[in-house]
Structures are given as structure tokens and as C-alpha cells.
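Hi everyone, thanks for coming. Let's have a look at this one together, and then I'll walk you through it.

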Amino acid sequence: MKLFRNKILLLPAFVFLALPFYGFMTAIVQSLGNEEPLSHYWDLLDSDRFLASIAFSIRTAGIATILSIAIGLLLIRSFYKILVQLSPRLRVWIPMLFPHFVWGYMVILLLGESGIFSQIAVVSGWMESQADFPIWTRDRYGIGIIITYVWKEVPLVILLLLPVYSSIRPEYYALVDTLGGNGWNRFTTVELPHLLPVLVESFLIIFSFSLTAYEVPALIGTTFPEMISVLGYEWFYGSSWDDRPLAFASMVSISIFLLILTIIGYTFLNRTRLKAMRGGK
Amino acid sequence: MRSRKISFSIIACVFFVFPMILLLLQSVSSPWRFQSEDGFTWQWTSYQKLLQDPMLWEATLTSIVIGYAVLVINFIIGLFTGKALVSSPYKGKAWVEAILLSPILLPVLAIAMGLHLLMIRIGLADTLIGVILLHLVPTVPYSIKIFYNGYNQTGPAMMEQSNILGAGFWTQIFTVELPLLRPAIRSLTFLTIVISLSQYAITAIIGGGRILTLPLVFFPYMENANTSLMAAFSIWFAVIPVTMYIVIELLILLLPYSRLPWRNHR
């Protein structure tokens, strides 16, 4: 009876799951179309716009994710003892209070061509005119997108890593110290094994989000090269209905790419776990 | 330790506190033009303009309704799933967990595009319910994770004890689990509301432009509003979740074993 009731409790979650999975299946069916199989995918491979966009998206999202994780890790390593208190933690989490696109607007306000920094640079005599200020928003290199994502995701990384750091027992550090290890040894032998699963998970969550979210690149990105989400949205709502299957095909391709990445990530985790269990290095 | 505290304060202020202060200052000052020596000039009109816009109020109300609806559904699904996962030792739990969390990794845009046709067919396109359902997609996996962690930290012993003492299903939830899960409820509330407030694309697709939420007003504002007005609007985006959070915090006070004295004799 108890077991049965517990399974019943899972029912709402599985009813919910029907939503994303039905949506995703429909997207796959729509992307295949009625004509010869995979024709829309061949169209994608012929489209320079799509190829440029996908390269740009993976590069931009990749840089943003790696930077967020590296900075978040650095901050939590240096300030863990301070961050366990409530008020410093709340201060770090301020960016999480705002939606991504609002933070994107803040970045424009701060770093745009007529933004606060460029004004200060001119007034202080550092630059001749605002035209000398580097273009960091709506730029070709996705700098604005990267800055916005890093700024928003660093607090998230801290949020995800904080429980890991509080679960590490201080005796481990003492052990490394007694055996004559240095700070680097502390990190690789004590922290890294605890951190690795959360790091892989954080990477996947942040990467898949920044790769496929529409709002920030629509606000702070440029028209060429454009992020894949912006291109997909445009194809979906574009002037001709002929582009709709392309929107579905591009979104499905990116999902398959993310799926493969997830499998690689978890296989890697399992292998390191097995190795650790066997006592290897 | 002391120098570390100072460097932390500097980093936290420059990168996390300062941007919000900046938005606040800009929202109560005319647009800054330092070159022509237009520094901080106090004004209140940006808020007046913002709050006089009937679209803003309509969108705020819609966003709040959607936010709370999404929160309640998330709460129910998260609570039940977390409880089921923690109290059952059956095999394959890792797989169930992985499947439940997998929607985080699928692009919401792809799911919204796919569900659009279904929503048209069953008459939920351009409706509040359709948008609420779509907002569940990026939030529910997080809620399940949060509640699962919460239940894990509480441990099954707590639940067994109340079981032995003869508490029924709902008594157990209200007197033991919810009071202990308070931190989980707090993070869930905050996360769900902010994520729901952040959705532009999927709200536009499923709502068809007829369901007007705050992001749908914010994006067109970008094109013709001045910086002060935009800064005021940005602050508005933080005011809404904080207000909604305070309401939930008051509801949490109604749970047993809160600090309110009248809740302590049960």
C-alpha cells in the first residue's frame, strides 16, 4: 500500500512531463515535413546563415559558460567562509532578482556606446569622444551577450556550489596539510572529487540555457551573426510559412547536440567515479 | 581574514550591489549626460509616466496571476515528487530522477514551437491557461530538484516517526514536512516567480500577443522610452517578485512552529 501511494505521488510529475516531451516530439515531426526525409536538415546544412549562426552560438555560449563557472568557482573558493553568512550571500545574489533581459538592459546602460562608462571616459579626458569607446553591446563578437550571461550566471554558480563546499569535512584539508600538500593539492584531491558532478551539471544547465535562450541576444545581440534562438524565432514568425520547418529543424538539431553533450558529460562522470572506486588516480 | 573580508566587500559592492544602485539612481534622475555637465538631477516623472501607463498595470496583473498559478502548480508537483523520490528505495530511482530533470536541457523555444499547434487545436492558444502551462516547462524540473534536496536533508526518519505516532498523510505534510521544508519553499518561490517573469519568447508564441505580460511590454519600450523610464521599468521588475515573495513569506508564517506565539500550541 505504501509503495503504491508513493508511486501515485509521482503521477503529477509524469503528467507534467507529457508537456515538454509532446512538444519536442511535435517539433521533430514538423522538422521532418512531408517531403523526402531530412530534406529540411539538408537545407540547413546548405544555409550559410544557419552555419554562421550555429558556430557563433556555440562559441558565445561556450565562452559565457566557462567564464561563469571559472569566476564563480574562484569567488566561492576565496570567500567561502564569508558566503556562509546570510547577508553577504544575499548581496551576491542581487543579479538573480532581475530577469536576464533586464540585466541585459543594465549592461547597455553601463557599457553601451553612449553609456555611463563611455561618458565617464570622455569627461575624465581619457577618450576624445564617445566614438572612441569600444563597441561592447550589439557587437559582432557577442561581447554584450557574454558579459550579460556571465554577470547573471556567476551568482547561480555560487548558489549551486555552496552546498558542495559546506559538505566538505575540514578533516580532509587537515589530512592534506599533514601530508605536506599545498593549496593546489587541497583543490585537486579534496575539492575536485566533490565538485566534479556539480560542475558538469552546472555546465550543462548554463550552456544549454545560454545557447538557446531568446531574450538576451534579441535585446543586446546584433543581426549578423545572430544566436540560433533569434534565427529560429525569426524563421518561426517570418514572412513566409516555408521557413517554419527550418525553425523546427534548427531547434531539433541544437537539442540533439545538447543531448550528445549530456551523454558525454555523464559518461565522463561515471568513468571518473569508477576509477575513484577502484582506487586509481 | 580581515583583508579577505574587505576584498569581498569591494567585489560584492562593485559587481553586485552597484548595478542595482545605478538603476535606482538613473530611475530618479533625468538621463545622464556628463559631457554637458548634466549630472544627477532629481525627477520623479519617470515613475509617474510608467505608472500611468494602463498597459503596465494590465501586464503587471497578468504577470502576477501567471506567477502565482505557476508557483502553486510547481509547489504541488515538487512536493509530491520530492516525497515520492525520498521515501521509496526502489531501483531505478536515478533514472526517474534523470528523466524528471531532463526538460532543463531541452530548449524551451523548441518545446513552445512544438506545443503551439496542440494549443491551437485544443483551444488553449492565446489564453492565460496555455501560457501558465508553458511556464511550467522551465520551472518544474528546478522545483523537483529543490524539494528532493529538501526532503533528503530532512531525512526519512522524521517522516517515519510521525507515521508511527499515527499522523495521516495530510497531517504529516502540514505539521512535519512543510515546517521543515521552509528553506526549500523559499527558494522555490523566488526561483519560480523570477523565471516566469523572464519569459518573453514562449509567452509571445503561446499567448499570441494577446496575453500581455511584463516582458511583452518591456521589449517594445526599449525602442522609444528614455533611459530614466527604462531604469524605472527595470526596478519595477525587481519590485514585483519581492512583493510576491513577501506575500508567500507571510503565508509561511501560518505554518506550525513559526515564531508567531499563537502558532506554537498545536
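How many residues of chain B are in contact with chain A? The count is 57 residues of chain B, touching 57 residues of chain A, where contact means that two C-beta atoms, placed from the backbone, lie within 7 Å. On the chain B side, helices H1 (2–27), H5 (108–121), H3, H6, H7, H10, H12 and H13 each give two or more residues. H1(B) has the largest share, with eleven residues. By type, that side of chain B has 45 nonpolar, nine polar and three charged residues. Here Ala, Val, Leu, Ile, Met, Phe, Trp, Tyr, Cys and Pro count as nonpolar, Asp, Glu, Lys and Arg as charged, and the others, Gly among them, as polar.

A quick word on what we're viewing. This is a predicted model, where local features need pLDDT of at least 70, side-chain atom pairs count only at pLDDT 80 or more, and totals for chains, interfaces and linings use all residues. Residues are numbered from 1 along each chain as its sequence is written, while chains are lettered from A and ligands numbered from 1 in the order in which they are written.

Now chain B itself: 13 helices and zero strands, taken as DSSP runs numbered from the N terminus (helices H or I, at least four residues; strands E, at least two). Its C-alpha atoms fill a box of roughly 75 × 60 × 40 Å along the principal axes.

Finally, H10(B), residues 182–197. Its buried residues (20 or more other C-beta atoms within 10 Å of their own, all placed from the backbone) include Ala184(B), Ile185(B) and Leu188(B). The buried residues of H10(B) pack against H3, H6, H7, H12 and H13 of chain B.

Definitions and conventions: Expected span 1.5 Å × (residues − 1). Buried ≥ 20, exposed ≤ 12 C-beta atoms within 10 Å, placed from the backbone.
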